[in-house]
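Please read this briefing alongside the sequence and the coordinates. It is grouped by topic, from the whole chain down to single residues.

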There are 2 protein chains.
Amino acid sequence: MARTTGSHSDITGPRVRAAALRLFARGGYAAVSMRAIAAEVGVQAGALYNYTPDKQSLLFDLMQAHMTDLLAETPHDPSRPAMQQLQDFVAFHIRFHADRPDEVFIAYMELRNLTEENFAVIERLRRDYEDRLESILRAGVASGDFAVADTKIVTLAIIAMLTGVNTWYRAGGRLSLDEVVAQYWDMVRKAVTA
Amino acid sequence: MARTTGSHSDITGPRVRAAALRLFARGGYAAVSMRAIAAEVGVQAGALYNYTPDKQSLLFDLMQAHMTDLLAETPHDPSRPAMQQLQDFVAFHIRFHADRPDEVFIAYMELRNLTEENFAVIERLRRDYEDRLESILRAGVASGDFAVADTKIVTLAIIAMLTGVNTWYRAGGRLSLDEVVAQYWDMVRKAVTA
DNA sequence: TAATTTAATGAACAAGCGTTCAAAAGCAAA
DNA sequence: TTTGCTTTTGAACGCTTGTTCATTAAATTA
């Protein structure tokens with residue numbers, strides 16, 4: 001009994017999500033039709049509704065999965081010095097985001113296409129992630145390692161700067177990811193120290 | 001003869017652009033219908049076509065006007081020390097963008113909804129703006145004022161960081177724009193010096 | 001092989017899309 | 001008041017949208 005009552009195909013389901021991810025990232029949620037997603041999967045539009053209740057859930061599930069992964073993988077070790085925690089965070093953020101350009105693009109561009117309830121959920125996860133960084137900054141200020149006047153502003157500035165990497169970085173380009181991480185860490189380190 | 005043959009209303013035209021700007025910024029280009037824009041202006045959809053050949057031109061004209069304004073107002077005085085040119089640039093960028101949240105939002109979010117030709121035009125203007133900053137960084141490196149390994153990366157990092165202000169800054173909030181400018185200048189200055 | 005469950009089809013739905021255009025309305029000059 | 005031009009209307013066009021559902025096909029279990 002490999003197939004349980006009520007279960008759906010374990011092949012088509014992931015392909016639907018993958019197609020939605022690709023197409024949403026390239027064309028934008030509003031501009032991508034269910035028929036276009038179905039065509040990418042090689043199926044008729046009606047079949048998609050075996051795997052998602054509606055188009056909105058398709059978007060929301062992608063964004064929620066991305067944010068949940070992000071939070072689950074974020075390094076977190078308060079026992080380490082703040083400076084090293086910050087370095088770990090910078091390296092992690094750049095690498096994690098470089099690995100998932102489509103997810104990142106959607107997470108930043110399609111917020112306004114979420115329903116009010118769904119938006120609140122994603123926004124909360126985003127804030128949780130920001131809080132991880134701000135905690136590090138506050139620890140560094142407390143220990144005297146960082147010279148930061150307003151940890152909230154610096155948090156947002158660092159995240160904006162790091163996420164900006166995704167607008168230009170391409171694997172196999174002029175710079176390796178190691179070099180990118182090193183350069184950004186150099187800027188961040190200098191910006192938060194006296 | 002206040003009205004010249006072939007001219008269009010000088011009242012409705014600007015209102016159409018203003019409505020398109022507002023609605024595109026709030027809902028996204030693809031999700032905003034011509035009928036919605038018309039309703040915002042208080043007119044029927046057909047009337048819009050007295051002021052724009054099509055929806056695409058409405059978007060393109062808004063973005064082009066924004067980028068042209070940006071470039072026209074960017075401070076540029078190579079005779080000043082690089083450090084002061086950079087400070088001027090940072091202050092200008094933050095203030096200019098804070099004044100035009102809708103235009104900025106559209107300019108960053110709706111690039112993919114431009115036709116290929118229109119995209120090339122906007123992309124070129126964006127690159128021109130980046131080059132302004134990179135010129136300042138190169139001058140500072142040449143004069144020994146800046147310690148920057150890769151001016152291209154630092155250019156993109158600074159612009160991403162500064163533009164990020166628009167995601168959270170609201171007039172009348174916790175911080176004045178002067179304070180925001182001061183904090184960001186502090187970070188940028190430290191990041192580009194040894 | 002027969003019975004049962006799951007997955008996909010393909011047509012249909014009401015609604016909305018960008019755009020066009022003949023007709024009507026509004027206004028300035030003569 | 002009449003003439004001529006500008007602007008708006010309102011209907012219509014062909015097409016696409018998200019979603020539903022009875023039917024068919026396929027695969028699994030018995």
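Predicted model: local features only at pLDDT ≥ 70, side-chain atom pairs only at ≥ 80, totals over all residues.

Chain A comes to eight helices and zero strands, and a rotation of 180° superposes chain A on chain B.

**Chain A as a whole**

- From the N terminus on, the elements of chain A read α-α-α-α-α-α-α-α.
- The C-alpha trace of chain A spans about 60 × 35 × 35 Å along its principal axes.
- Chain A has 194 residues, of which 49% count as buried.
- Among contacts in chain A with a separation of 6 or more, 69% are between residues 24 or more positions apart.

**How the two chains are related**

- The rotation of 180° that superposes chain A on chain B has 0.0 Å of shift along its axis, and the RMSD is 0.0 Å.
- The two copies are therefore related as by a two-fold rotation axis.
- Of the interface residues of chain A, 100% are also interface residues in chain B, so the copies meet through the same surface.

**Helix 8 of chain A**

- Helix 8 of chain A covers residues 177–192, which is 16 residues.
- From first to last C-alpha, helix 8 of chain A reaches 22 Å, close to the 22 Å expected at 1.5 Å a residue.
- Buried residues in helix 8 of chain A include A:Leu177, A:Val180, A:Val181, A:Tyr184, A:Trp185, A:Val188 and A:Val192.
- A:Gln183 and A:Lys190 are also among the buried residues of helix 8 of chain A.
- An α-helix has 3.6 residues a turn, so residues three or four places apart point the same way.
- Within chain A, the buried residues of helix 8 pack against helix 4 (82–99), helix 6 (116–143) and helix 7 (151–163).
- The buried residues of helix 8 of chain A also pack against helix 7 (151–163) and helix 8 (177–192) of chain B.

**A:Val188, a buried position**

- A:Val188 is found in helix 8 of chain A.
- A:Val188 counts as buried because its relative accessibility is 1%, and the cut-off for buried is under 20%.
- Leaving aside residues up to four places away in sequence, A:Val188 touches A:Leu86, A:Val90, A:Ile158, A:Met161 and A:Leu162.
- A:Val188 and A:Val141 are 47 residues apart along the chain, and their C-alpha atoms are separated by 15 Å.

**A:Ala194, an exposed position**

- A:Ala194 lies in the segment after helix 8 of chain A.
- A:Ala194 has a relative accessible area of 93% and is exposed.
- Leaving aside residues up to four places away in sequence, A:Ala194 touches A:Ala147 and B:Lys190.
- A:Ala194 and A:Gly172 are 22 residues apart in sequence, and their C-alpha atoms are 35 Å apart in space.

- Helix 1 of chain B (residues 12–27) has 16 residues, which should span 22 Å at 1.5 Å a residue; its end C-alpha atoms are 22 Å apart, which agrees.
- The buried residues of helix 1 of chain B include B:Val16, B:Leu21, B:Leu23 and B:Phe24.
- These buried residues of helix 1 pack against helix 2 (34–41), helix 3 (55–73) and helix 5 (101–109) of chain B.
- Helix 3 of chain B has 19 residues and reaches 28 Å from its first C-alpha to its last, close to the 27 Å expected at 1.5 Å a residue.
- B:Lys55, B:Gln56, B:Phe60, B:His66 and B:Leu70 are among the buried residues of helix 3 of chain B.
- The cover over the buried residues of helix 3 of chain B includes helix 1, helix 2, helix 4 (82–99), helix 5 and helix 6 (116–143) of chain B.

**Aromatic rings and charges**

- The count of aromatic pairs over all chains comes to eight.
- The ring centres of B:Phe24 and B:Tyr29 are 5.2 Å apart and the planes lie at 65°, so the pair is edge-to-face.
- B:Phe24 counts as buried at 0% relative accessibility, and B:Tyr29 counts as buried at 10%.
- B:Lys55 lies over the face of B:Tyr29, at 4.4 Å from the ring centre.
- B:Arg100 lies over the face of B:Phe96, at 3.7 Å from the ring centre.

How values were computed: Residues numbered from 1 in each chain as written. Chains lettered and ligands numbered in written order. Heavy atoms only, no water. Least-squares fit on C-alpha atoms with pLDDT ≥ 70 in both. Contact = heavy atoms within 4.5 Å. Helix = DSSP H or I, 4+ residues; strand = E, 2+ residues; numbered from the N terminus. Expected span 1.5 Å × (residues − 1). Buried < 20%, exposed > 50% of the residue type's maximum accessible area, 1.4 Å probe, protein only. Phe/Tyr/Trp six-rings, centres within 6.5 Å; stacked < 30°, edge-to-face > 60°. Lys NZ or Arg CZ within 6 Å of the ring centre and 35° of its normal.
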